[in-house]
Each structure stands twice: as structure tokens, then as C-alpha cells.
Amino acid sequence: MTCIATPSQALHPGVDPRRVSRHHRGMNILRSPFWATTWRLIKDEVGLLVALAIVTGGLLGFLAIADEVIEGETAAFDRAVLLAFRQPGDPAATVGPHWLPAVALDITALGSIAVLSLIVVFTVSYLVLVRKRHAALFVLVAVLGGLGLSSALKALVGRIRPDLVPGAPVELSASFPSGHAMLSAVTYLTLGALLTRVETDRRARPFFLVVAVILTLMVGYSRVYIGVHWPTDVLAGWCLGAAWATLCWMVALWLQRRGQIEPAGA
């Protein structure tokens with residue numbers, strides 16, 4: 001009797017056809033509507049839990065830092081960390097290479113109102129041009145809401161800026177929380193999340209959030225390095241900014257599922 005080899009046997013001699021059959025049955029089960037729906041729900045639940053953890057952790061972290069700052073418990077820590085970036089015995093001189101202070105000033109500008117406003121204006125203008133008006137409104141609400149929250153908290157706490165660094169840039173607003181740290185977190189994380197929703201290549205999606213996190217950390221670090229913020233100002237700004245950006249994104253996803261914001265990839 002002549003045996004006709006199956007495609008699997010022809011490509012892989014010696015492979016048991018029963019194993020191949022079981023493999024195909026398993027793949028078909030995983031691709032079934034039931035398992036596809038189950039996997040989607042699992043991913044949604046995990047994503048929701050992670051988002052809730054970020055919001056809760058950020059808010060609790062901010063409240064804990066704010067409580068310690070108001071009671072004056074962070075004074076020694078703030079002073080020690082701030083002076084760690086200065087030369088011993090000479091607070092006017094920073095540690096590191098001679099070109100680093102100029103680079104820090106350039107980086108800190110990435111969290112300024114002027115630069116962030118330009119980024120938001122250009123982003124919103126683009127979204128309006130491509131008829132994604134709801135997404136444009138979402139960006140505006142997230143960033144302007146973060147700005148309002150930061151300004152209100154600064155006025156409420158009224159913390160004085162550091163006075164340990166001679167020749168530090170003059171800042172007129174209150175110190176706590178750091179507006180640069182908070183608004184860079186809100187803006188860059190919001191835009192990073194927005195880009196992950198329109199990127200079709202799943203391997204490239206984490207890139208946008210990684211860049212957003214790096215920019216946020218660099219801006220906050222630069223504020224302490226140039227001596228215009230206490231370290232706890234920056235930590236509080238990061239906590240609240242991440243919580244606010246994540247909360248706004250959770251609301252946006254909810255509205256998206258209700259059809260009130262353009263769907264992902266649209």
C-alpha cells in the first residue's frame with residue numbers, strides 16, 4: 001500500500017500525526033469566540049487593576065508626602081539630598097562635569113508652561129485637523145485639569161522655595177508640589193498613552209510610555225539639580241501627576257467604549 005505523507009509529515013519527517021492533530025485542535029480552541037472573549041476580559045481586568053493601583057498609589061503617596069511636608073518632618077531629608085548635588089562647602093557649585101548645569105537648564109525647560117503649552121497646542125490642533133475632536137478635548141481637559149490642580153495645591157500649601165543655592169533661577173510660585181514634575185507627568189504620560197492607542201505595532205507601543213516616563217524623570221531630577229525645588233516637591237509632583245494622568249485615561253477609555261471618544265486606531 002502506498003502511503004501519502006501529510007504536509008506536516010513532509011515538512012517534519014518522523015513527527016507523530018496525532019500530536020499534530022492535537023496541536024491544531026488546541027489552536028482552534030484558543031481561537032474560538034469563547035476563549036477570545038475570555039482573554040480580552042482578562043486583559044481588561046488586569047489593565048484596570050494596574051490603572052487603579054497607579055491612581056491609588058499615587059494619591060496615597062502624595063498625601064503621605066504632603067502630610068510630612070506640612071509638619072516639617074522632611075526638612076532634614078530635603079536639605080541633605082539638595083546639598084548632595086552641590087560641592088561640599090560651596091553650595092553655588094554643582095557636582096558633575098562643567099557642562100551639566102547648562103544641560104539641566106535645557107532639560108528643565110521641557111517641563112515649563114511655555115514648552116508644554118506649545119506641545120499641547122500642536123497636538124490638539126493636529127487632532128482637530130484629522131477630525132478627532134473628542135480626543136483633542138480629552139488632551140485639553142487632562143492637561144488643563146492638571147495645571148489647575150497644581151496651582152490650587154501650591155496656593156494651599158504655600159511652601160517656600162529652597163534658599164540653599166546661591167544664584168539659582170528665580171521662581172515666583174510656591175514650591176509644593178513641583179509644577180514642572182507634575183505637569184510633565186500629566187502631559188507626557190497622556191500623550192504617550194494616546195500614541196500607544198493609535199500605534200498598530202504592538203512591539204512599538206511600550207516605546208511611547210517609556211519615553212514619557214524618561215522625560216518626566218529627567219525634568220524632575222533637573223529641578224532639584226539646579227536648586228529650585230526640594231526633593232519632596234518633585235516626588236509629590238510625580239505621584240500626583242501619574243495618578244491624574246492615569247485617572248483621566250481611565251475616564252477616556254470608559255467614554256471610548258460608550259462611543260463618545262474615537263476608538264483606538266481610528
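User: Leaving aside neighbours within four places in sequence, which residues is L164 in contact with?
Analyst: This is a predicted model. In it, L164 contacts R79, L82, L83, P91 and W230, once neighbours within four places in sequence are left aside.

User: Where does L164 lie?
Analyst: In the loop between α7 (133-157) and α8.

User: Buried or exposed?
Analyst: L164 is buried, at a relative accessible area of 14%.

User: How many residues apart in sequence are L164 and L83?
Analyst: They are 81 residues apart in sequence, and their C-alpha atoms are 7.9 Å apart in space.

User: Switching to helices. At what angle do the axes of α8 and α9 cross?
Analyst: Roughly 170 degrees, with the axes coming within 8 Å. Helix α8 covers residues 179-198 and helix α9 covers residues 205-225.

User: Parallel or antiparallel, then?
Analyst: Angles over 145 degrees count as roughly antiparallel, so α8 and α9 are roughly antiparallel to each other.

User: Which residues meet there, in α8 and in α9?
Analyst: From α8, they include H180, Y188, L189 and L195. The α9 residues include R205, F208, L209 and R223. By class, this contact of α8 with α9 has 12 nonpolar, six polar and two charged residues.

User: Now the largest nonpolar core. Which residues touch the most other members?
Analyst: V120, V124, L127, F138, V139, L194 and W249, out of 15 residues in that core. The elements giving two or more residues to this core are α6 (113-129), α7, α8 and α10 (231-257).

User: Which element gives the largest share?
Analyst: α7, with six residues. Another core, of 11 residues, lies apart from this one and has F85, A181, V224 and V234 among its members.

Key: Residues are numbered from 1 along each chain as its sequence is written. This is a predicted model: local features need pLDDT of at least 70, side-chain atom pairs count only at pLDDT 80 or more; totals for chains, interfaces and linings use all residues. Side-chain values use heavy atoms; hydrogens and water are left out. Axes are lines fitted to C-alpha atoms, for helices over the stretch in contact, and angles run from 0 to 180 degrees between N-to-C directions. Helices (H or I, at least four residues) and strands (E, at least two) are DSSP runs, numbered from the N terminus. Angles under 35 degrees count as roughly parallel, over 145 as roughly antiparallel, 65 to 115 as roughly perpendicular and the rest as oblique. Contact means heavy atoms within 4.5 Å. Ala, Val, Leu, Ile, Met, Phe, Trp, Tyr, Cys and Pro count as nonpolar, Asp, Glu, Lys and Arg as charged, and the others, Gly among them, as polar. Buried means under 20% relative accessible area, exposed over 50%, partly exposed in between (1.4 Å probe, protein chains only). A nonpolar core is a set of buried Ala, Val, Leu, Ile, Met, Phe, Trp, Tyr and Cys residues joined through side-chain atoms within 4.5 Å.
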